[in-house]
Amino acid sequence: MDGLGIIKGMGVTLKRFVDTYLEDIRWWGKRYYTREGVELRSSAKTRGIFTVQYPEEKLITPEEFRYIPFLVYEEGPNGEKQDRCTSCGICAKVCPPQCIWIVRTNDPNTGRPIPEPAEFYIDVDICMNCGFCAEYCPFDAIKMDHDYELSVYDRRAKNIYNKERLSKPVSYYASIRPTNYAREEKARAEEAAAKAARKAAR
Amino acid sequence: MSEQTLVAEDIIKTRFGEAVEADGRKGYEGYLVKREKLVEVATALRDEFGYDYLSSVTAVDYLPEDKIEVVYHLFKSTGGPSLVIKVDAPRENTSVPSLVPVYPGAELQEREAWDLMGVKFEGHPDLRRILMWEGFAGHPLRKDWREAYFEEEGKPFKSRWPDGHVYRIEDKNPFAKNVDYPAGFDPESWVPEGEAALYAGMGAVDVGSNLRTDHVVVNLGPQHPSTHGVFRMVVTLDGETILKLKPVMGYLHRNHEKIGERNTFLQNMPFTDRLDYLSSMSNNFGYALAVEKLMGIKPPERAEYLRVIMAELTRISNHIFAIGMFLNDLGAYFTPALYAIQERELILDIFEAVSGSRMMCNYFRFGGVARDLPEGVLEKIRSLVVDRLPRKVDELDLYLTNNEIIRARGEGVGVLTPEQAIAYSAAGPVLRASGVPYDIRRADPYSIYDRFEFDVAVRYHGDVYDRYLIRMDEMRQSLRILQQAVRDLPEGPIQEGKPQYQVRVPAGESYGRVEGPKGELGYYIVSNGKANPWRYHVRAPSFINLTALETMAVGDKIADAVAILGSIDIVLGETDR
């Protein structure tokens, strides 16, 4: 009980303190409020204090980051929205908290279902952001978003998202998940080529 | 059935004769024991066969057969596979002899089975509700009990698709409908009986002194910064010395197991994240193992390595956080905690890049993992486990281990002897700090842990300080495993077969257990071949480690109770489930 352990421990604290300022000097002007600085402070090389000052600075969201699903639509040549969703209902079946509701469209003449949802709702109060809907969607029609700043004043009115609120263009999807998008497009192109080859062979 | 188990079966048959009968149902294991012989058989299994560690007690409601079955998982504290014994009881006036006299570790678990399943344990010293509130009507895990807002027996609910329409569940079924109250219930005049029973049990203790001093009963919590959530310790004090202590919990109870039985097998995966929310990857691991055992599949090589990497990173992040928060409990307010959180943050960044979420990872799938490592992540993991974390663990060691205040507060406080630790079914760091080198990764290896070189960390004093030291040791061992796993990570597929959302799980039972950061995390699953599990039980280490809390705390000062609780490292999400 000579207090040496405490003094050594305080040495560690002192080192952190000094390190923080040394880093500030070393990365003068670049350590804060720049993308480079945030990247540096979230890497294994960082030293000293590495708090990121939200909301002035934000952590860089990795591509796989998932928060609240959205529906992907293709933009037609005249700017019309073409849903990728075929209302097959797999997302609604796989959803653990069961927060997805889908109503199918029926052909007004024949009464047969059309592969396009009439209504699509997600109760984002219940959604647990597990990502199963996006993972098991066979048409790449529902994906997880990167937007996490969703607070509202009135949850009862605003937190059931309808189809309009959920839909986002495919270009947005490509911008937040470039690698996944490229991989899916490649698979789609290969499949289309294989289909064409089969057709030609017949 | 292998030859070895046949021999074991013969021995058990000869020893107990009529009292036991091998469980012959397809997909089931273990022995059915006659109700009146249970205590005798359990005592013999403990004393003659060496099954001294009662890991899990739970009950299954076989509604179609009109019976309730209590299931016990016994292990040897020297390692090896389980011995499962079961006792049948009728659904009306269900009662089974209590095993608390044989295995004190059954205390909280039997209370849980009484509370949720309505099994009366004859001879239990303190059979009160534990997770539900006093005055609650019914036993919610019974198959004929229905919750408020009940929709259907199993998901997916038909109302969602294709002709469902959006509604808020609370609008559809307003509160108070579908909720049962006991006959003649009046909230104004109601006095919770359990509470009275609790305080009655805390009354005067004869301390054998001639001084006539009054004893004081004090509630620590439920709102108290030292309880890491909402948890209550009721203590009887003689001056500052603790004479009795009772843990009170269930404030965060959400009946995870009932939710799990409504879910499909896959849908349970993200719910396991929310048990011990500091180590979701380990929770996923145990559940995936239990279901894979039933399905009879094994993940491919690369997935096994990824699983081990994630589980060990989780252990480090959990232990470093536990140490930080433990220092908070000792009064070193937040500086050590934040140093620890910084390192944890870097690990969480990896989880986020791999699984998409920092804490609710939902990364494991049956027969594999959700996705491969994105580009650059392996490099990040390598730089962490080879370079940064070993340095930081050493730094933490230098920072805290020889600190005189920590030693004074920790050494010789809250002692749990090895015999007590085994008897109270303590698990994980609590068990190993008491000198029992029991680590499931070595004692009953799962996944690919038999390939790695590491030591089972063990400390021998069983006090608060050793429980701190053991976490330091375990982080170092985890780093060793990680360095090997990162080095040997093979290329290849990460999922056995095609990913599918409706898995076929054959009828039967299975118990999957992993060495979670807090101790043995087990999942007991009964399937009847349908889409939803018939029974889904979690053996939660945080919950069961609390059984030994009273033993550790009695005789110490009231300020030490805070340190002792901090050294057990509980997470209320898992304790209350």
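How many residues does the contact take from chain A and from chain B? I am working from a predicted model, and in it I find 37 residues from chain A and 42 residues from chain B in the contact.

I next looked up which elements of chain A supply the side that touches chain B, and found that helix 1 (4–26), helix 3 (90–94), strand 3 (100–106) and helix 4 (132–136) each give at least two residues. Helix 1 of chain A gives the most to that side, with 6 residues. Sorting the side of chain A that touches chain B by class, I noted 21 nonpolar, 9 polar and 7 charged residues.

I then turned to the nonpolar cores. The largest has 154 residues, and B:Val119, B:Val291, B:Ile309, B:Ala421, B:Ala561 and B:Ile564 are those with the most contacts inside it. Helix 9 of chain B, residues 301–330, provides the largest share of this core, 17 residues. Both domain 1 (3–122) and domain 2 (264–576) of chain B contribute at least three residues each to this core.

For B:Val291 I listed the partners, leaving out residues up to four places away in sequence, and recorded B:Phe265, B:Phe366, B:Val505 and B:Ile525. A second core, separate and of 30 residues, includes A:Leu71, A:Ile90, A:Ile100 and A:Trp101.

Last, I checked confidence: chain B averages a pLDDT of 86, with 94% of the residues scoring at least 70, and the model scores ipTM 0.89 and pTM 0.88.

Terms used:
Residues numbered from 1 in each chain as written. Chains lettered and ligands numbered in written order. Predicted model: local features only at pLDDT ≥ 70, side-chain atom pairs only at ≥ 80, totals over all residues. Contact = placed C-beta atoms within 7 Å. Helix = DSSP H or I, 4+ residues; strand = E, 2+ residues; numbered from the N terminus. Nonpolar A, V, L, I, M, F, W, Y, C, P; charged D, E, K, R; others polar. Core = buried A, V, L, I, M, F, W, Y, C linked by C-beta atoms within 7 Å. Buried ≥ 20, exposed ≤ 12 C-beta atoms within 10 Å, placed from the backbone. Domains from an automatic or database assignment. pLDDT = per-residue confidence, 0-100.
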